[in-house]
Each structure stands twice: as C-alpha cells, then as structure tokens.
Amino acid sequence: MLWLHLGMPKTGTTALQGFLRGNQPVLDQIGLRYMETGRRRLDGNPRLAVSHNIIAFHMNQSDQPMDPFRAGMTSEFDAHSGQTCVVSSEMFYSCDFDKLAQVFAEIPARDLRIAFYCRRYSDFFEADYKQRAKNGRLAIVGTDYIRSQLSRIEADPAAFSFTSRVEQIRKAFPGVTIVPSVYEREQMTNGHVVDDFLSRIGTPLPEGYVTGAPSNPSQSRAASEAFGVVTRALGRKKSRQLRRLISEDPVMVRRHDVLEPDERDWLDTLMSKQDVAFQQEFFPDASQVFAPKQLNESELEFRRDTPQEYQAFSKASEIVFRMALES
C-alpha cells in the first residue's frame, strides 16, 4: 500500500517528515518505506530531502512532464510492494491534483490511499497568519490584512472547504480511498502526530518507543510580526536562527491572538456549514467536524487594536532586536 500524505499545512507535517527521514532502523522494524522518489533531486544530488516537495516544486515551476517521477515512483513501489510506502508533502494539499496524479498513474487505485489532517478553520487561519508574518510575507499586518482575508472567505467559502478539496482529489484520483483525520491533539494516539499517523496507516511504533519532544509552544502574533521585520531586514536564514532562541517572556508565546472571539466563531460556523457533507461521510458519529472551541477568560477578552496589544508588539520587537544584536 502507498499512502500519499497531503498535509494539510500547519498540522505537524514537518515533525512527521523529520521522524521518517531520521529513523530508518525504526522504519525497517515496522515495515515502512519512506519513498526516495520525489526526495531525490533530478540533478543527481545524492542527498535525500526531508519531504517530497521536489515534486511540488517541479509542478509549480516547470512545464516539463512528470515522467521521471512517475517512472521512479512505479519502479520503487513495485520493489517495495510488501511494505507500507509513504509519500509526504504539505505542498500537495493546494497543488494541481491532475498533475500530481500523473506521478501515481501506474499504481492501481486499490493500492493507493490519500491521507490528510484537517485543522480547525480558525486555528489554521491563526497559524497561517503567523507563518506569513514571521517570514516577512505580509505587505500589511494586523486588522487590515485579517479582515481582507475574512472577506475573501466570505465571498467564496466553498473554495476553502474540505468538501471542495475532496471533490478535487476524487476527480484527479478516481477510485482512490481518501482518509482524512482531525488535527486535535487530544484525539491523537499519544497526543502526537507521528504516533497517530503511523498508527492510522497500520504501522504503529514499537511499544514504549518515544517519538521525541513535545511540539514547540505557539509564538504570539506580536513575536511573529517582530520576526517578520527581522526577516525583511536581515533575511530568512537569520530570522530562523533567532526563532530557535525564542525568549521565555510571556509576550513571545501566545495562542488565540489573531482572530477576535466573534471572528473566530463566525469563521468556524460559516465553514462548518460548508462541510456538512464532508462531516457526514467521514465523521458520521460527530455533529460537526470540530467540537466547539472552549476559550479561557483571557482569550474571550482579546481584542487586537488596543493599547495592550501595541505594547506587546513593542516589547516583542525589543526582545527580537536585542537577540539579533547579541547574536
């Protein structure tokens, strides 16, 4: 069986891929093949990439056919058909599925599974905002950007739904079994995406095996925006180095500080209505894909454009700039 893992973005994909690349003895023990096709560059560079993003880059940046990837994927799968094979890239989630399907065209649909994790709409919005902010990819930040994005979603909510994504996958991969999972740590095996994914595909880790440290805490919006300034001034490499030295100051670590509570409720309600069919097909025992989010008192009181939030950004910027100078 070959499992094509699509992400989605911000669902622990990097942690999963890092584990798969760095633990070959464990993979041999559980009978898992982390496919080399798509991780090995076409230019002959022997170093294997951590993910299969090379396929996505080829699709996005070249008009060349997918023939080299299709031939390599087919021959490698045939050689390891007795194992559970995995291909993984979060870039696949928003790619051209018709073109991606060409890579797997010679693998029978009965031997292919397509898996992805679904992240709560409002949580993904927050994580995506912070990712773009710290990478310096936002021309505007804060309320103007957030409201413009919410307006885009309101204008065409179906385009952002899981229902729409499944329809696109089925059109490109007829007959393939699709296996979505909810990205909620309390519902995961051992509360960790690596344990959970491997259990779901039928290759659980040996009993007692510890996959690694818990996930890093979420950087605050203020910290993300401050790192974005550094990214634009000093480059992404320097910014990534500084983010590894994240301060323990509370202003640097925070969740639920992008959307205000009424915006969060509006977004989750709107998108839940779009995904009723998706929920009924894949999660029939649940009333909706995601259980209602319980915010604490501080999170319920959060508002963006307040003196407290401006002060938080000022303090985060001071911390980040000091880190840059000291490094």
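## Starting at Gly 18

Is Gly 18 buried, partly exposed or exposed? With a relative accessible area of 35%, Gly 18 is partly exposed, because that value falls between the 20% limit for buried and the 50% limit for exposed. Keep in mind that the model you are looking at is predicted.

To find Gly 18, look in helix H1, which covers residues 13–22. Then look across to Val 50: this residue is 32 places away from Gly 18 along the chain, yet the two C-alpha atoms are separated by 6.2 Å.

Next, pick out strand E3, residues 84–88. How many of its residues are buried? The count is 5 of the 5, so E3 is largely enclosed by the rest of the structure.

Strand E1 (residues 2–5) runs parallel to E3 and is joined to it by 4 bridges; Leu 4 has Val 87 in E3 as its bridge partner. Strand E2 (residues 32–34) is parallel to E3 too, with 3 bridges between them. Here Arg 33 stands opposite Cys 85 in E3.

## An enclosed space

Now for the empty spots. Rolling a probe the size of a water molecule over the atoms shows where empty space is left. In this structure there is 1 cavity of 30 Å³ or more, and the largest cavity holds about 50 Å³ of space. Its lining is made up of Trp 3, Ala 115, Phe 116, Tyr 117, Val 179, Ser 181, Phe 197, Arg 200 and Ile 201.

Which elements give two or more residues to that lining? They are strand E4 (112–118), strand E5 (177–182) and helix H9 (193–200). E4 gives the most, with 3 residues. Sorted by class, the lining of this cavity has 7 nonpolar residues, 1 polar and 1 charged.

## Aromatic rings

The structure has 11 aromatic pairs. One of them is formed by Tyr 117 and Tyr 183, an edge-to-face pair with 6.2 Å from centre to centre and 80° between the planes. Since Tyr 117 sits in strand E4 and Tyr 183 in the loop between E5 and H9, the pair ties together parts that are 66 residues apart in sequence.

Elsewhere, an aromatic cluster is formed by Tyr 121, Phe 162, Phe 278, Phe 282, Phe 283 and Phe 290.

Helix H10 spans residues 221–234 and contains Glu 225. Is Glu 225 buried or exposed? Glu 225 is buried, with a relative accessible area of 12%, because that is under the 20% limit. What does Glu 225 touch, leaving out residues up to four places away in sequence? Its contacts are Tyr 129, Ala 133, Val 141, Gly 142 and Phe 313.

H10 also takes part in a pocket. The second largest pocket has about 390 Å³ of space. There are 24 residues in its lining, and the closest to its centre are Arg 221, Arg 304, Glu 309, Tyr 310 and Ala 312. H10 and helix H15 (307–326) are the elements that give two or more residues to this lining, and H15 supplies the largest share, 7 residues. By class, the lining of this pocket has 7 nonpolar, 7 polar and 10 charged residues.

Finally, a few backbone details. Gly 7 and Met 8 are joined by a cis peptide bond, with omega at about -5°. You'll find Met 8 in the loop between E1 and H1.

Asn 190 is not a glycine, but has a positive phi of about 60°. Asn 190 belongs to the loop between E5 and H9, and is exposed, with a relative accessible area of 65%. His 256, also not a glycine, has a positive phi of about 55°. Its place is the loop between helix H11 (236–243) and helix H12 (261–274), and His 256 is buried, with a relative accessible area of 5%.

Methods
Residues are numbered from 1 along each chain as its sequence is written. This is a predicted model: local features need pLDDT of at least 70, side-chain atom pairs count only at pLDDT 80 or more; totals for chains, interfaces and linings use all residues. Side-chain values use heavy atoms; hydrogens and water are left out. Buried means under 20% relative accessible area, exposed over 50%, partly exposed in between (1.4 Å probe, protein chains only). Two strands pair if DSSP finds at least two bridges between them. On a 1 Å grid over the protein atoms alone, a cavity is a set of points where a 1.4 Å probe fits but cannot get out, and a pocket is an open set with protein on both sides within 12 Å along at least five of seven lines; lining residues have an atom within 4 Å of a point. Grid points are joined across faces, edges and corners, and a volume is the space filled by probe spheres set on the points. Ala, Val, Leu, Ile, Met, Phe, Trp, Tyr, Cys and Pro count as nonpolar, Asp, Glu, Lys and Arg as charged, and the others, Gly among them, as polar. Rings of Phe, Tyr and Trp (its six-membered ring) pair if their centres lie within 6.5 Å; planes under 30 degrees apart count as stacked, over 60 as edge-to-face and the rest as tilted. Contact means heavy atoms within 4.5 Å.
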